[in-house]
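Please report on the pocket and the overall fold of this chain. Keep it brief.

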Amino acid sequence: MDDMMAQEHRLSFLLSLIMFISIVSNGCDCHPQSLWSISSGTGAKTSNDTRKASDIAPEVASYSDVAKQIIDLAVFGAARNRSYRRLADFTDTIGNRVSGSQNLEMAIKYMHKAMTQDGLDVHLEPVKIPHWVRGQESAEMILPRAKSLAILGLGSSVGTPPEGIQAQVLVVQSFDELKQRASEATGKIVVFNQPFVSYGETVAYRAFGASEAAKLGAVATLIRSITPFSINSPHTGWQDYQDGVKHIPTACITVEDAELMWRIAQRGQAIIVKLIMGAKTLPDADSFNTVAEIRGWQHPEQVVLLSGHLDSWDVGQGAMDDGGGAMISWEALSLIKDLGLRPRRTLRTVLWTAEEQGGVGAQQYFNLHKVNLSNFDLVMESDLGTFTPVALQFTGSDAAWKVMEEVVKLLAPINTTKLEMHGEGTDISPWMQAGIPGASLHVADSRYFWFHHSEGDTMTVQNPRDMDLCSALWAVVAYVVADLEDMLPR
């Protein structure tokens, strides 16, 4: 019996040695933990069975040295300021990149070439996207005095007749007030002067204001920009017409002009505005999601996905929303590649197209790849700025939460060890709704909506060190999760 056991042990050792030699000879740049798993016979374990926290903690802690290498390279080493420089080169060269535009097409070609030259495996996946064009637009208050109004038409809005629309204004501060004054709305331009509470709550006026006013016979809407701070800067964004409701022109005006017209109205004075908008919607355009990978050495079919969106609005440079998120998602792969690391699973960066129109490119990606749902380990999105990182936001099972709690401990050198509930992102939401763990970047974003969807979204908003810190966090989390022995528990 002892002889048979000894023979089995020798056979097991020889098989492990053969596997080890095979992988090394194939150029596996692996974390030592990965090689230990192979030689001990645990490397092929891919089930989502929950393991005890006492097992997870030491495995994750074994990545502390590699995490520090990634952080050092990103924040202090040769890659310092690189993501910022890449973003500046990109946005200064291309400019803004609205869905369906030639600029967006140029941006996709630019990133495909740049990431290929960086040594990544890059390909494009075709999608169809909306093509809305702003055209020439202007607004002027005629009465009680002449004043030019700064406006930005809202995405998907119809235009006015060529001569424009000139009408009296009804100023309201809420949907409830609009309903109470319904009899006054017919034939008017409705101005919404709603206070900013939060983006999530207040954006309803931008999204649905036109249809709510049109139901009552209004001829157009001008909506106070969705921002807590203004220097006479209008902010654009997407709006949604309701089925069966007349489509009327709609644009955002500045906080200052909305408040001005409200004060005038409170005095009982009549306000007349002339609005001209050349907006139109063209047939859907061809576009691409841009995909770059470092293929996994053991389970290449399993994926940790990092992402940001490549499109922007047609104002500013789209540096903050979401050039920064796109760049750190590229930079994370660059850092890992530069260190000669290669995780068990594939790291896949996707730069989405047409996010601003409601995650159009991402939804088509999900529809194409959901057949492989069980192979997606974690989906990550950065789309709320790349300011100083504060925490990682996460959506997943309790067991997955325990794993991620250990992973963020590796970020102690940059003081971002906090894990918060609710990963978010328009582009990754279909995956999270399907039960895939999701993560997003929580940054010090108090200024984000100052610049959001406005001419103020430029490189001046960005900070090189902040982007380095975001890149380091993004890379550490992605690499470690992709290289752990097991996928995150569902």
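## Pocket lining

By class, 8 nonpolar, 9 polar and 8 charged residues line the largest pocket. Ala, Val, Leu, Ile, Met, Phe, Trp, Tyr, Cys and Pro count as nonpolar, Asp, Glu, Lys and Arg as charged, and the others, Gly among them, as polar. The model is predicted: local features need pLDDT of at least 70, side-chain atom pairs count only at pLDDT 80 or more, and totals for chains, interfaces and linings use all residues. Residues are numbered from 1 along each chain as its sequence is written, and side-chain values use heavy atoms, without hydrogens and water.

The largest pocket has a volume of about 570 Å³. Of its 25 lining residues, Tyr 199, Arg 206, Glu 355, Asp 383 and Thr 426 are the closest to its centre. A pocket is an open set of points on a 1 Å grid over the protein atoms alone where a 1.4 Å probe fits, with protein on both sides within 12 Å along at least five of seven lines; lining residues have an atom within 4 Å of a point. Grid points are joined across faces, edges and corners, and the volume is the space filled by probe spheres set on them.

## Helix α8

The largest share of the lining, 5 residues, comes from α8. Ser 211 lies in this helix. Ser 211 counts as buried because its relative accessibility is 0% (buried: under 20% relative accessible area, 1.4 Å probe, protein chains only).

## Whole chain

The chain has 15 helices and 16 strands (DSSP runs: helices H or I, at least four residues; strands E, at least two; numbered from the N terminus). Buried residues make up 57% of its 490 residues.

Methods
Buried < 20%, exposed > 50% of the residue type's maximum accessible area, 1.4 Å probe, protein only.
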